[in-house]
Amino acid sequence: MTDSVEAKLAALGHTLPQAAAPVAAYVPTVEANGLLHVSGQLPFIAGKLVTGRLGENVSLEDGAAAAQACGLMILAQVKAALGSLDRVERVVKLGAFISSTGDFTDQPKVANGASELMVAAFGDAGKHARSAVGVPVLPLGAAVEVDAVIAVRPA
């Protein structure tokens, strides 16, 4: 089966990474009642985890790129779970967690890295509800973590 969403991503210069294995006692995805819940994904760029804190040692641009990398990892997990991104009916919600200082208030701009990727991949079906939250620390020192809820078509 040709994956038209993955072809669209490739045309935009994006390649899906290998879906990451969980780093603790959980599974990457759970499908229930037509929704695929995707565990929080960390940002890997060129095989290296993006670490640090926004407002301290990570720029807004690098934070948005990290969020986009999280979005690509979400899509890799979705493909691994469903076999094809073409089964995605709608991106329902993204939750973005941004490691940031107490005075950093541009979490929504960082989260746009993942949000804009979903719209680029799925068009109107990629428009979603979202939260963008600043936190003092994330697992492994990651700068950003993003999770997702995706509505899926039956196989």
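**Gly 55.** I started with the contacts of Gly 55: leaving aside neighbours within four places in sequence, I find Thr 101 and Phe 104. This is a predicted model, so I read every value below as computed from it. Gly 55 belongs to the loop that runs between S4 and H2.

**Gly 95.** Next I went to strand S5, where Gly 95 sits. Buried or exposed? I get 4% relative accessibility for Gly 95, and the cut-off for buried is under 20%, so Gly 95 counts as buried. What does Gly 95 touch, not counting residues up to four places away in sequence? My list reads Ser 131, Glu 145, Val 146 and Asp 147. I then took the C-alpha distance to Leu 82, which is 13 residues away in sequence: 21 Å in space.

**Gln 107.** I looked up Gln 107 in helix H3, which covers residues 107-122. Gln 107 comes out buried, at a relative accessible area of 9%. With residues up to four places away set aside, Gln 107 touches Ile 98, Ser 100, Ala 132, Val 133 and Gly 134.

**Helix H2.** I ran along helix H2, residues 60-82, and noted 23 residues. From first C-alpha to last, H2 reaches 33 Å, close to the 33 Å expected at 1.5 Å a residue. Just after H2 comes Gly 83, with a positive phi of about 90°.

**Positive phi outside glycine.** I kept two residues here. Asn 33 is not a glycine, yet has a positive phi of about 55°. I place Asn 33 in the loop between S1 and strand S2 (35-41). Asn 33 is exposed, with 82% relative accessible area. Ala 46 is my other entry: its phi is near 55°, a positive value in a residue other than glycine. Ala 46 lies in the loop between strand S3 (44-45) and strand S4 (48-49). How accessible is Ala 46? I get 82% relative accessibility, which is over the 50% cut-off, so Ala 46 counts as exposed.

**Salt bridges.** Side chains of opposite charge can pair when their charged atoms come close. How many salt bridges does a search of the whole structure find? The search gives 5, and I wrote up some of them.

I took Lys 79 and Glu 6 to begin with: their closest N and O atoms are 2.5 Å apart. This pair links distant parts of the chain, as Lys 79 is in helix H2 and Glu 6 in helix H1, 73 residues apart. Lys 79 is partly exposed at a relative accessible area of 29%, and Glu 6 counts as partly exposed at 23%.

Then I turned to Arg 87 and Glu 31, whose side chains meet in a salt bridge at 3.7 Å, N to O. This pair, too, links distant parts of the chain: Arg 87 is in the loop between H2 and strand S5 (88-99), Glu 31 is in strand S1, and 56 residues separate them. I checked the cover on each partner. Arg 87 counts as buried at 15% relative accessibility, whereas Glu 31 counts as partly exposed at 44%.

My last pair is Asp 106 with Lys 109, which meet in a salt bridge of 3.8 Å, N to O. I have Asp 106 at 25% relative accessibility, partly exposed. Lys 109 is partly exposed as well, at 48%.

**Nonpolar patch.** I looked for nonpolar surface and noted a patch of about 310 Å². Which residues make this nonpolar surface patch? I find Val 23, Tyr 26 and Leu 140. Tyr 26 lies in the loop between helix H1 (4-11) and strand S1 (29-32). Its relative accessible area is 35%; patch residues need over 30%, so Tyr 26 passes that cut-off while being partly exposed.

To finish I checked UniProt, where an unreviewed entry places "domain: Endoribonuclease L-PSP/chorismate mutase-like" at residues 6-143. Over residues 6-143 I get 33% helix and 25% strand. The end C-alpha atoms of that stretch are 26 Å apart.

Terms used:
Residues are numbered from 1 along each chain as its sequence is written. This is a predicted model: local features need pLDDT of at least 70, side-chain atom pairs count only at pLDDT 80 or more; totals for chains, interfaces and linings use all residues. Side-chain values use heavy atoms; hydrogens and water are left out. Patches are made of residues with over 30% relative accessible area and no salt bridge: like charges are joined within 9 Å, nonpolar side chains (Val, Leu, Ile, Met, Phe, Trp, Tyr) within 5 Å. Accessible areas come from the Shrake-Rupley method with a 1.4 Å probe; for residues, only the protein chains shown count as cover. A salt bridge is a side-chain nitrogen of Lys or Arg within 4 Å of a carboxyl oxygen of Asp or Glu. Helices (H or I, at least four residues) and strands (E, at least two) are DSSP runs, numbered from the N terminus. Buried means under 20% relative accessible area, exposed over 50%, partly exposed in between (1.4 Å probe, protein chains only). The expected span of a helix is 1.5 Å times one less than its number of residues. Contact means heavy atoms within 4.5 Å. UniProt positions are given in the numbering used here, feature names are shortened, and annotations may be inferred rather than shown by experiment.
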